[in-house]
Amino acid sequence: MKSTKKLLSVLGMLFLLPLGAYAQEICDNAIDDDGDGLIDFQDNDCECEFIELRSLIPNPSFENMDCCPDQFFRLDCAPPWFTSIGTVPDYIHTCGWSGPEGIAVPLPSTAGQGIVGFSYGQVLGNLPIEWDWKEYAAVCLLGTMEAGKTYRIEFSLGFSSQLRSPPLELTLFGTPDCFNFPFGLGANDLPGCPTNHDDWYRLEGKLVDPGMAGEVWIDDFFEFTPEQDIRAIAIGGPCEHFDGEITNYYFLDNLIMEETFRFQYQVSESGDICENDFTLSVDVSTAVEFQWYRDSI
């Protein structure tokens, strides 16, 4: 995602050609036909449809912040993210708190200076706590995910070590109403899994396995089709009962979620940008015309 945006800003811009009739300015020849100093998509005579991939998730990389975290449980420093009551993820930022003692943070982070850390299962001393402790980061979306449409979420999941961060089924939950925040009413209310509460649904999940790697970020994605309109999400571990002997801990960053078809217009590159073998391409599944521009020409 980040390298794509950089390439677009430096080397060109992708847009769909207008479907209607051309005015004096011809919109696909890189010539200022009407003499107004503007070429093709820069000219107001050319009504080109720009396709921008944005995330339905606000503050997707946890960079916007109101305060520097000074301890555990400070996800409130990165609004508009919510938490459940009783089980609160951690906000980790280079300006303040750097994570739980004894748990290595994979560096560098994938998108900026802020990340979220969350537990899956909690062990106090040598015994699991009375109820299934699970931490979820939750947020009201910028728009509604519509039932029956297919969406894709891309994410970066961080692992600390093979001991503290075994493979995890990163799981996405959703609810039709932002007023269903925060879920969980207290320490005796089994707050861990969102589906313990009314109008929360499991949308999809994916097992992410770092293999033998230690401190590492894994970039991955999965797709899903909600059966009801979804207005807010929560993300974390699965609902299965945790029976481990040590608290599991993970890191989350760079959450990009939109309708699946919008991801097909991403630009990919190959070769060395300083050599003659450098190329840009777009792998699209539908018939579409596009042009490459360098320095707006």
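This dialogue explains how to read several features of a predicted model.

Student: In what order do the five strands of the open sheet lie?

Tutor: Strands of a sheet pair through backbone hydrogen bonds, either parallel or antiparallel. Helices (H or I, at least four residues) and strands (E, at least two) are DSSP runs, numbered from the N terminus; two strands pair if DSSP finds at least two bridges between them. Here the order is 1-6-11-8-9, with antiparallel pairing. Strand 1 (82-83) and strand 9 (201-208) are the edge strands, each pairing on one side only.

Student: How many bridges join strand 6 to strand 11?

Tutor: Five bridges join strand 6 (residues 137-145) to strand 11 (residues 230-236). Within this pairing, Ala-137 stands opposite Ile-235.

Student: How many aromatic pairs does the structure hold?

Tutor: A pair of aromatic rings is described by the distance of the centres and the angle of the planes. Rings of Phe, Tyr and Trp (its six-membered ring) pair if their centres lie within 6.5 Å; planes under 30 degrees apart count as stacked, over 60 as edge-to-face and the rest as tilted. The structure holds twelve such pairs. One of them is Tyr-120 with Phe-242, edge-to-face at 5.7 Å centre to centre and 75 degrees between the planes. Tyr-120 is in strand 3 (residues 114-120) and Phe-242 is in the loop between strand 11 and strand 12 (248-259), 122 residues apart.

Student: Are Tyr-120 and Phe-242 buried or exposed?

Tutor: Buried means under 20% relative accessible area, exposed over 50%, and partly exposed in between (1.4 Å probe, protein chains only). Both Tyr-120 and Phe-242 are buried.

Student: Which rings does the charged end of Arg-152 sit over?

Tutor: A charge sits over a ring if NZ of Lys or CZ of Arg is within 6 Å of the ring centre and within 35 degrees of the ring normal. The charged end of Arg-152 sits over Phe-221, 3.6 Å from the ring centre, and over Phe-263, 5.1 Å from the ring centre.

Student: Which residues does the cis peptide bond with omega of about 10 degrees join?

Tutor: That bond joins Pro-79 and Pro-80. Pro-80 lies in the loop between helix 1 (2-11) and strand 1.

Notes. Residues are numbered from 1 along each chain as its sequence is written. This is a predicted model: local features need pLDDT of at least 70, side-chain atom pairs count only at pLDDT 80 or more; totals for chains, interfaces and linings use all residues. Side-chain values use heavy atoms; hydrogens and water are left out.
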